[in-house]
Amino acid sequence: MMNDRQDHITLTVKSFATFREVMDAKLTIDFPKGATIRTLLAELTGKYEGLGELMFAAPETLRDFVNILRNGRNIHFLAELDTPLDDGDVIALFPPVAGG
Amino acid sequence: MLSKEQKERYQRQISVFGEDGQEALGKARIVIAGAGGLGSAIALYCAAAGIGHIRLIDCDTVEVSNLNRQILYRTGDVGKEKVTAAATDLRSLNPGIEVEPVETKITAENVGSLLDGSDLVLDGLDNFPARYLLAHAAWNHKIPFIHGAVSGMYGQVTTIIPGVTPCLQCMVPFPPPSGAIPIIGATTGIIGSIQAAEAIKYLTRRGVLFTGRMLLWDGLRGDASVITIEHDPACHECGTE
């Protein structure tokens, strides 16, 4: 769905598993055009205490196992934190589990 | 042709997928890698459903701390080889199937022979290095691989079809941290049961599989989500570039 304000984009963010222990499971969020995954994570880690520690090993360095999907595509295969965002994007944040 | 005993034993599921579906299960040969929490639920439901040949692989012995979730075993099994105890239990549940216990650790050297002759691989492993090894071999042998994993009250399932879906490395590019993972037994029951249902659907050619999609189960909040995951276009295994 296109945003009414041409200079802004609206994203849907969904979180899963342990990320839900520090943030909402689903939210919509607006950014100026030109926003990237880095912009989004800066906003989310500022908003939700503890999320930064869960997601980042060091500033600018995501923990390996943090999967961020933009419309189903892992940002590892796109432009990592520089992956651009568009109006209507759905971003999924999920830490896979390993036990059996 | 199903025997009278088989028609009676499988009566309630033949009404779901027909006698042809039951015959397909009876002819199938599957590998279940890992006889722990997930492997217990997978093996019990696959054996009960009449999957004809089950090769069960694990290298461990039963420990008391396994018993909160590994429902193939009883307290009296502590100290026994898992696959031996499991085979006894599965044959007792369904004497009409073949159970092949294989007590070994999965390695790069033996993984190919462990998959020999199998139609389907079910992932009941507890770590990603072994999963990547097994999933890679299954992909190369063109054998579907049903992935499951759990932590606490969370779980995930996806079905990988070589040449069709993304590979496991694309679905989960980096392994989560290893170590003693907390697990509620019922979570392995839920996820392992879904894996067994995927196997039955695949083998009887019924329904829609979790292909290119991952089920994310959140038992803590009573929520299930399905996310679509696409492959890395540059992946040497499943990419398109």
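## Helix H3 of chain B

Let's start with helix H3 of chain B, residues 37-49, in this predicted model. At 1.5 Å a residue, its 13 residues should span 18 Å, and the end C-alpha atoms are 19 Å apart, which agrees. The expected span here is 1.5 Å times one less than the number of residues in the helix. Helices (H or I, at least four residues) and strands (E, at least two) are DSSP runs, numbered from the N terminus.

H3(B) is mostly covered, with eleven of its 13 residues buried. A residue is called buried if 20 or more other C-beta atoms lie within 10 Å of its own, exposed if 12 or fewer, and partly exposed in between, with C-beta atoms placed from the backbone. Among the buried residues of H3(B) are Gly37(B), Leu38(B), Ile42(B), Leu44(B) and Cys46(B). Just after the helix, Gly50(B) takes a positive phi of about 90°.

## Numbering and confidence

Residues are numbered from 1 along each chain as its sequence is written, while chains are lettered from A and ligands numbered from 1 in the order in which they are written. Because this is a predicted model, local features need pLDDT of at least 70 and side-chain atom pairs count only at pLDDT 80 or more, whereas totals for chains, interfaces and linings use all residues.

The model scores ipTM 0.91 and pTM 0.95. Chain B averages a pLDDT of 96, and 99% of the residues score at least 70; pLDDT is the predictor's confidence in each residue, from 0 to 100.

## Chain A overall

Now to chain A, which has two helices and seven strands. From the N terminus on, its elements run β-β-α-α-β-β-β-β-β. The radius of gyration of chain A is 13 Å, in agreement with the value near 13 Å for a compact globule of 100 residues. That radius is taken over C-alpha atoms, and the globule rule is 2.2 Å times the number of residues to the power 0.38.

Along the principal axes, the C-alpha atoms of chain A fill a box of roughly 45 × 25 × 25 Å. Buried residues make up 30% of the 100 residues in chain A. Of the contacts in chain A with a separation of 6 or more, 59% are between residues 24 or more positions apart; two residues are in contact if their C-beta atoms, placed from the backbone, lie within 7 Å.

## The sheet of chain A

Five strands of chain A form an open sheet in the order E2-E1-E7-E5-E6, with mixed pairing. E2 and E6 stand at the edges with a single partner strand each, so one side of each is left without a neighbour in the sheet. Two strands pair if DSSP finds at least two bridges between them.

E1 (residues 8-15) and E2 (residues 26-32) of chain A run antiparallel and are joined by seven bridges; here Leu11(A) stands opposite Ile29(A). E1(A) also pairs with E7(A), in the parallel sense over four bridges, and Val13(A) stands opposite Ile91(A) in E7(A). Two bridges join E5 (residues 67-70) of chain A to E6(A) in the antiparallel sense, with Asn74(A) as the bridge partner of Leu69(A).

Leu27(A) is found in strand E2 of chain A. Leu27(A) counts as partly exposed because it has 14 C-beta neighbours inside 10 Å.

## Where the chains meet

Finally, 19 residues of chain A are in contact with 34 residues of chain B. Strands E6 (73-74) and E7 (90-94) of chain A each supply at least two residues of the side that touches chain B. That side of chain A divides into eleven nonpolar, five polar and three charged residues. Ala, Val, Leu, Ile, Met, Phe, Trp, Tyr, Cys and Pro count as nonpolar, Asp, Glu, Lys and Arg as charged, and the others, Gly among them, as polar.
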